Amino acid sequence: MRLSRYFLPVLKETPAEAQIVSHRLMLRAGMIKQASAGIYSWLPLGYKVLRNIERIVHEEQVRAGHIPMLMPTLQSADLWRESGRYDDYGEEMLRISDRHGRDMLYGPTNEELVTDIFRAHVASYKDLPLTLYHIQWKFRDEIRPRFGVMRGREFLMKDGYNFDLTKDAALHAYNRHLVSYLRTYERMGLQAIPMRADSGPIGGDYTHEFLVLAETGESEVFYDSAVTDLTFGDREIDYDSVAQCQSILEEFTSRYARTDETHDEALYAQIPEERRRSARGIEVGQIFYFGTTYSEPLGALVDDGQGGRVPVHMGSHGIGVSRLLGAIIEASHDDKGIIWPEGVTPFHCGIVNLRQGDAGTDSACAALEAALTARGLEPLYDDTEERAGAKFATMDLIGLPWRITVGPRGVEKGQVELTSRRTGESEEMSPEAAVARVGEIYGV
Ligand code: ATP
Ligand code: MG
């Protein structure tokens, strides 16, 4: 992509309305524009990162054996009356009526809708286990939308629902989600720590929230610092293996790590003092097992193979897809701007032409762009007439992890400069070597 043809409305000024760094940087980097309180347009750069995050979520869900689908944003109130949640949900639910005066709502979550699909089509234990998920916009009329995409009213969520014959089978689905989430967040360059959380009105002991540690996080958390040493890496997982998923869950959840709702001072005091931490975190996901809470009232029953008909055991599992952009930036930035992890970066690298209009640098940049593209990489080539300093500032602000700088002196020597956004270190090399290096970094 050539910057001169792209739409990247970067802001020079720091927007006054933004209280936290990720919100400021998303506005300054031209990623989002507020449409109304807590509702955003995703400008091209932000949209690209959003799609990358979505792609990783999809890949990891499919890898775990979960099945993608798409349910609508608008739902009929009838199903929510059946489950008993229509009145309980309160003012966070956006209620709408259609031209016939029928009560509708913009879905804040999808337990009812997915259970309705299940009950219409599944009648036997032979069709289980089943996990369906989608990535769809949600609406919650938050009392205080703030921090940009972190607490929006309209936001993108991955929500998945497992259906199992027994509690044990549903707990395996729970563990499978935990494992797939660990992998998902790590691919985005994030450490998200599973913490014992409060299941709220749903009840039951089985829920974990995934938290990214950040000063600006809205949750108060308490943990044993040993949990921050755990990494998932690229282990081979057999998602059908009950024992393997269980052992990973134990590895990642046996140390103390809780949100304030479930915090237990006595247990916390048992952690060696030098490892006790209290901090703030951003909730980027949550998994739940809730048994037959929805399948009973909605009549989602299956033939159990022994002559009976039983309500299925369910759980629901969410990832805050749009919130993740904010969380990643909170965890990865400096005073010049964003530093995208390679897994989610909107462009693989930038190309900066230090003397636009110079035949030598222009053709060297065009050749680099072509070579990177041929390798399957997507560069952003700053071919504008801006000064070098302004070009560097824009590249630093939008946070591409690698930059190739092409200047007239280098071109004479057959050299370009490859710079890491994270470390600031630069190295001179031939254009071919730079393309090869960037290719290796991205594994292409
Ligand atoms: P919170 O406690 O932050 O209000 P929640 O526990 O109500 O979130 P869930 O129902 O668990 O949210 O939704 C799954 C995920 O969706 C959350 O872990 C979070 O990452 C994301 N999410 C929830 N509410 C919002 C919001 N208003 N804006 C952006 N993302 C959100
Ligand atoms: Mg939650």
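Which element gives the most to the shell around ligand 1? Strand E13 does, with four residues. Welcome to a short tour of this predicted model, in which local features need pLDDT of at least 70, side-chain atom pairs count only at pLDDT 80 or more, and totals for chains, interfaces and linings use all residues. Residues are numbered from 1 along each chain as its sequence is written, chains are lettered from A and ligands numbered from 1 in the order in which they are written, and side-chain values use heavy atoms, with hydrogens and water left out.

**Overall build**

- The protein has 13 helices and 23 strands, taken as DSSP runs numbered from the N terminus (helices are H or I with at least four residues, strands are E with at least two).
- Its radius of gyration is 24 Å, close to the 22 Å that the globule rule gives for 444 residues, so the protein is as compact as a globular protein of that length. That radius is taken over C-alpha atoms, and the globule rule is 2.2 Å times the number of residues to the power 0.38.
- The C-alpha trace spans about 80 × 60 × 40 Å along the principal axes of the protein.
- Buried residues make up 52% of the 444; buried means under 20% relative accessible area, exposed means over 50%, and partly exposed lies in between (1.4 Å probe, protein chains only).

**Around ligand 1**

- The shell of ligand 1 holds 14 residues, and the closest are Arg140, Glu142, Arg151, Gly152 and Glu283. A residue is counted here if one of its heavy atoms lies within 4 Å of the molecule.
- Arginine 140 places a polar side-chain atom 3.0 Å from an oxygen atom of ligand 1.
- On its own, ligand 1 has 580 Å² of accessible area, and the protein covers 81% of that. Such areas come from the Shrake-Rupley method with a 1.4 Å probe, and for residues only the protein chains shown count as cover.
- Strand E8 (154-164) and strand E13 (276-291) are the elements that give two or more residues to this shell.
- By class, the shell has five nonpolar, four polar and five charged residues. In this scheme Ala, Val, Leu, Ile, Met, Phe, Trp, Tyr, Cys and Pro count as nonpolar, Asp, Glu, Lys and Arg as charged, and the others, Gly among them, as polar.

**The magnesium site**

- Glu283 (OE) and Gln286 (OE1) coordinate the magnesium ion (ligand 2) at 1.9 to 2.2 Å. Donors are N, O and S atoms within 2.8 Å of the metal (3.2 Å for Na, K and Ca), and water is not among the atoms, so sites may look incomplete.
- Glutamate 283 is partly exposed at 24% relative accessible area, whereas glutamine 286 counts as buried at 13%.

**Polar contacts between side chains**

- Glutamate 112 sits in helix H5 (residues 111-121) and counts as buried because its relative accessibility is 0%.
- The side chains of glutamate 112 and serine 83 are joined by a polar contact of 2.6 Å. A polar contact is a pair of N or O atoms within 3.5 Å; within protein, one must be able to donate a hydrogen and the other to accept it, and residues adjacent in sequence count only if both atoms are side-chain atoms.
- Serine 316, in strand E16 (residues 313-320), is buried at 7% relative accessible area. Its side chain makes a polar contact of 3.0 Å with the side chain of glutamate 111.

**Backbone details to check**

- Leucine 128 and proline 129 are joined by a cis peptide bond, with omega about 0°. Proline 129 belongs to the loop between H5 and strand E7 (130-139).
- Phenylalanine 147 has a positive phi of about 60° although it is not a glycine. This phenylalanine 147 lies in the loop between E7 and E8 and is buried, with a relative accessible area of 12%.

- Arginine 187 lies in helix H6 (residues 167-187) and is partly exposed at 29%. Its C-alpha atom is separated by 8.8 Å from that of glutamate 342, 155 residues apart along the chain.
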